[in-house]
Amino acid sequence: MSIAENIKTLKAELPEEVSLVAISKTKPKEDLLEAYEAGQRLFGENKIQEMAEKWEELPKDIQWHMVGHVQRNKVKYMAPFVSLIHAVDSLKLLKEIEKQAKKNDRKIQCLLQIKIAEEDTKYGIDIEEAKNILLSDAYREMSHVEIIGLMGMATLTEDQAKIRSEFSFLKRTFDEFKKEHPTFSTLSMGMSGDYKIAIECGSTMVRVGSAIFGERDYN
Ligand SMILES: *Cc1c(COP(=O)(O)O)cnc(C)c1O
């Protein structure tokens with residue numbers, strides 16, 4: 001199936017309140033344009049430099065999401081245009097985003113990445129650390145960043161029950177936080193292999209790459 005057909009199929013499948021971020025990392029801009037022409041406007045990348053290059057060349061009404069781990073010294077390259085940063089995992093990083101957003105006279109929306117998977121390799125923080133960030137004086141004083149929800153990645157496994165329990169845990173955490181933080185609106189969970197489970201568990205934003213663009217070639 002073509003990229004356009006994949007997008008159409010996915011959109012038909014997703015409930016109206018769930019947004020689709022097309023994860024276009026490693027893909028050439030022609031592929032992104034094909035998705036764009038099929039109506040896709042949210043794109044996600046995991047490398048800041050690659051995202052900045054694509055932003056320069058592609059239509060300006062695209063909303064760019066940074067879904068990968070963020071190094072603080074690179075925040076400045078995306079601050080002029082990034083629309084949502086999914087994987088904030090420290091107050092230090094948040095402070096840098098605040099600083100760069102202010103320089104650009106913008107407000108940048110962020111999600112806190114919660115570690116829900118078993119693997120040691122997955123980034124993310126635990127609930128206590130997330131609470132500490134949200135309740136910190138430093139965050140309260142920031143006026144150029146807004147934490148609007150949580151993001152999580154489930155364990156890479158065939159075990160559907162395990163994936164479901166990890167996503168359900170994140171959803172419960174999200175609902176808890178939402179009571180205290182009215183800015184919370186977005187729960188980013190679900191990728192090509194597990195977005196159906198994520199939606200059943202209450203996801204409001206799925207990040208789908210290979211099911212739209214095909215397998216990635218990392219050579
Ligand atoms: C690559 C990536 C995705 C998309 O993965 P697919 O399995 O290709 O859908 C989603 N989220 C993050 C954080 C990613 O790095």
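Thr26 is placed in the loop between strand S1 (19-23) and H2. The structure described here is a predicted model. Thr26 has a phi near 70°, which is a positive value in a residue other than glycine. Its relative accessibility is 32%, so Thr26 counts as partly exposed. A positive phi is also found at Asp105, again a residue other than glycine, where the angle is near 55°. Asp105 belongs to the loop between helix H5 (91-103) and strand S5 (108-113). With a relative accessible area of 69%, Asp105 is exposed, because the cut-off for that class is over 50%.

The loop between helix H2 (29-37) and strand S2 (42-45) contains Gln40. Gln40 counts as buried because its relative accessibility is 1%, where the limit for a buried residue is under 20%. Two polar contacts involve the side chain of Gln40. One, of 3.2 Å, joins it to the side chain of Lys11. In the other, a polar atom of the Gln40 side chain lies 2.8 Å from the backbone oxygen of Leu42. When residues up to four places away in sequence are not counted, Gln40 touches Ile7, Lys11, Leu20, Val21, Ala22 and Ala35.

Helix H3 spans residues 48-57, and its buried residues are Ile48, Met51, Ala52 and Lys54. These residues lie on the same side of H3, because they cover an arc of only 165° around the axis. In general, an α-helix has 3.6 residues a turn, so residues three or four places apart point the same way. The face of H3 turned away from the buried side carries the exposed residues Gln49, Glu56 and Glu57. The cover over the buried residues of H3 includes H2, S2, strand S3 (63-66) and helix H4 (75-78).

Thr183 is placed in the loop between helix H8 (160-180) and strand S7 (186-188). Its relative accessibility of 32% means that Thr183 counts as partly exposed. Thr183 and Ile147 are 36 residues apart in sequence, and their C-alpha atoms are 7.0 Å apart in space. Apart from neighbours within four places in sequence, Thr183 is in contact with Glu146, Ile147 and Ile148.

The ligand is surrounded by Ile23, Lys25, Val67, Met151, Met153, Met191, Ser192, Arg207, Val208, Gly209, Ser210 and Arg216. By class, this shell has six nonpolar, three polar and three charged residues. Lys25, one of the residues around the ligand, has a polar side-chain atom 2.7 Å from an oxygen atom of the ligand. At Gly209, a polar backbone atom is 2.8 Å from an oxygen atom of the ligand. At Arg216, an N or O atom in the side chain is 2.8 Å from an oxygen atom of the ligand. On its own the ligand has 390 Å² of accessible area, and the protein covers 90% of this.

Terms used: Residues are numbered from 1 along each chain as its sequence is written. This is a predicted model: local features need pLDDT of at least 70, side-chain atom pairs count only at pLDDT 80 or more; totals for chains, interfaces and linings use all residues. Side-chain values use heavy atoms; hydrogens and water are left out. A residue is near a molecule or strand if one of its heavy atoms lies within 4 Å of it. A polar contact is a pair of N or O atoms within 3.5 Å; within protein, one must be able to donate a hydrogen and the other to accept it, and residues adjacent in sequence count only if both atoms are side-chain atoms. Accessible areas come from the Shrake-Rupley method with a 1.4 Å probe; for residues, only the protein chains shown count as cover. Ala, Val, Leu, Ile, Met, Phe, Trp, Tyr, Cys and Pro count as nonpolar, Asp, Glu, Lys and Arg as charged, and the others, Gly among them, as polar. Helices (H or I, at least four residues) and strands (E, at least two) are DSSP runs, numbered from the N terminus. Buried means under 20% relative accessible area, exposed over 50%, partly exposed in between (1.4 Å probe, protein chains only). Contact means heavy atoms within 4.5 Å. The arc is that of the directions from the helix axis to the C-beta atoms.
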